Amino acid sequence: MKLKALVVSCILFVFFSCTTQVILFIPEPDFSVFTPARTIEIGNIIETKSGASEESLPEWLSAFLWGGVAAVENLEDYSEKYVFIAVNQGESFVILNKWADNFSATRDIAVLAGNRVEERMILDASLFPDDEYGEFFQIFIKNAYGAEYQAAEKEAIYWIKHSSSPVYTFFVKMTIDKSIMQSTIRRMMAHANAVAAPTGAQAVSVNRLRQTFFTGF
């Protein structure tokens, strides 16, 4: 009886030991804020700001609808800029138009910029960000979401109308020079690093992030 209990105990010990070894955080970045809503169907457009067909869309919006913000940044006109596109959708043209007109590049871009910074940090993390980077993560992210990006420019407002509802989708395109954005982010990282003063494995992760941050950003 004692032998049977010992065997069971060993099995349970091995089971739980293996379980704790395989429970890992697998980052799955959600870039939906930078991609067109799934309800936006190209073939479903019946009216746009400049015409009544897909062919009337500006190049940047066509690229965005097909490949997200990364596709826009691959266009020659944006090779030296970071692009941020805010999207809003609804049935009231008046309300959406007001939203787009009132959208501030220097103030409201912070949500998109902060989200992009956060997703970049998660991209290379093998643990939960709090565990991977420690206090540095919270400080850096708070600064990214709370900053005013003075150099950001609101370049265009565009809208399309779909036949299914009908529903309008508004897009606000903003840009910021890469050199300015990178300098801003480097200052944020330096500040977060000084305040958090990470040590050990977290210091290694933070230093790696600071060196490679703009690869994939």
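Residues are numbered from 1 along each chain as its sequence is written, and side-chain values use heavy atoms, with hydrogens and water left out. The protein has eight helices and four strands (DSSP runs numbered from the N terminus: H or I of at least four residues for helices, E of at least two for strands).

**Overall layout**

- Starting at the N terminus, the elements come in the order α-β-α-β-α-α-α-α-β-β-α-α.
- Of the 217 residues, 42% count as buried (buried is under 20% relative accessible area, exposed is over 50%, and partly exposed is in between, with a 1.4 Å probe and protein chains only).
- Take the contacts with a separation of 6 or more: residues 24 or more positions apart account for 73% of them (contact means heavy atoms within 4.5 Å).

- The mean pLDDT is 81, and 78% of the residues reach 70 or more (pLDDT is the predictor's confidence in each residue, from 0 to 100).
- Among the elements, α7 has the highest mean pLDDT, at 96, while helix α1 (residues 2-22) has the lowest, at 40.
- Residues 1-38 have pLDDT below 50, and this stretch has 27 contacts in the model beyond near neighbours in sequence.
- Where pLDDT is low, the predicted coordinates should not be read in detail.

**The nonpolar cores**

- The largest nonpolar core holds 42 residues, and F136, F140, Y149 and F213 touch the most other members (such a core is a set of buried Ala, Val, Leu, Ile, Met, Phe, Trp, Tyr and Cys residues joined through side-chain atoms within 4.5 Å).
- The elements that each supply at least two residues of this core include β2 (81-90), α4 (105-123), β3 (153-162) and α8 (200-212).
- Helix α4 gives the most to this core, with seven residues.
- Another core, of 17 residues, lies apart from it, and I45, L61, A63 and I160 are among its residues.

**Helix α6 and F140**

- Helix α6 has 12 residues and spans 17 Å from its first C-alpha to its last, close to the 16 Å expected at 1.5 Å a residue (the expected span is 1.5 Å times one less than the number of residues).
- Its buried residues are F136, F137, I139, F140, I141 and A144.
- Those buried residues pack against α4, α5 (129-133), α7 and α8.
- Not counting residues up to four places away in sequence, F140 touches V117, M121, I185, M188, M189, A192 and F213.

**Aromatic rings**

- There are 13 aromatic pairs (rings of Phe, Tyr and Trp, its six-membered ring, pair if their centres lie within 6.5 Å; planes under 30 degrees apart count as stacked, over 60 as edge-to-face and the rest as tilted).
- One of these pairs is F64 with F171, which is edge-to-face at 6.1 Å centre to centre, with 80° between the planes.
- F64 lies in helix α2 (residues 59-73) and F171 in strand β4 (residues 167-177), so this pair ties together parts that are 107 residues apart in sequence.
- F64 is buried, with a relative accessible area of 0%, and F171 is buried with a value of 0%.
- F93 and Y168 form an edge-to-face pair too, at 5.4 Å centre to centre and 70° between the planes.
- That pair links distant parts of the chain, with F93 in helix α3 (residues 93-102) and Y168 in strand β4, 75 residues apart.
- F93 is partly exposed at 29% relative accessibility, whereas Y168 is buried at 15%.
- Ring pairs also link Y82, F136, F140, F213, F214 and F217 into a cluster.

**Charges over rings**

- R116 lies over the face of F217, at 4.8 Å from the ring centre (a charge sits over a ring if NZ of Lys or CZ of Arg is within 6 Å of the ring centre and within 35 degrees of the ring normal).
- The charged end of R120 sits over the ring of F213, 5.7 Å from its centre.

**Two single residues**

- N102 lies in helix α3 and is partly exposed, at 49% relative accessibility.
- Leaving aside neighbours within four places in sequence, N102 is in contact with R107, D108 and K154.
- A197 is in the loop between α7 and α8 and is partly exposed, with a relative accessible area of 48%.
- Phi of A197 is near 45°, a positive value in a residue other than glycine.
- Most residues other than glycine have a negative phi.
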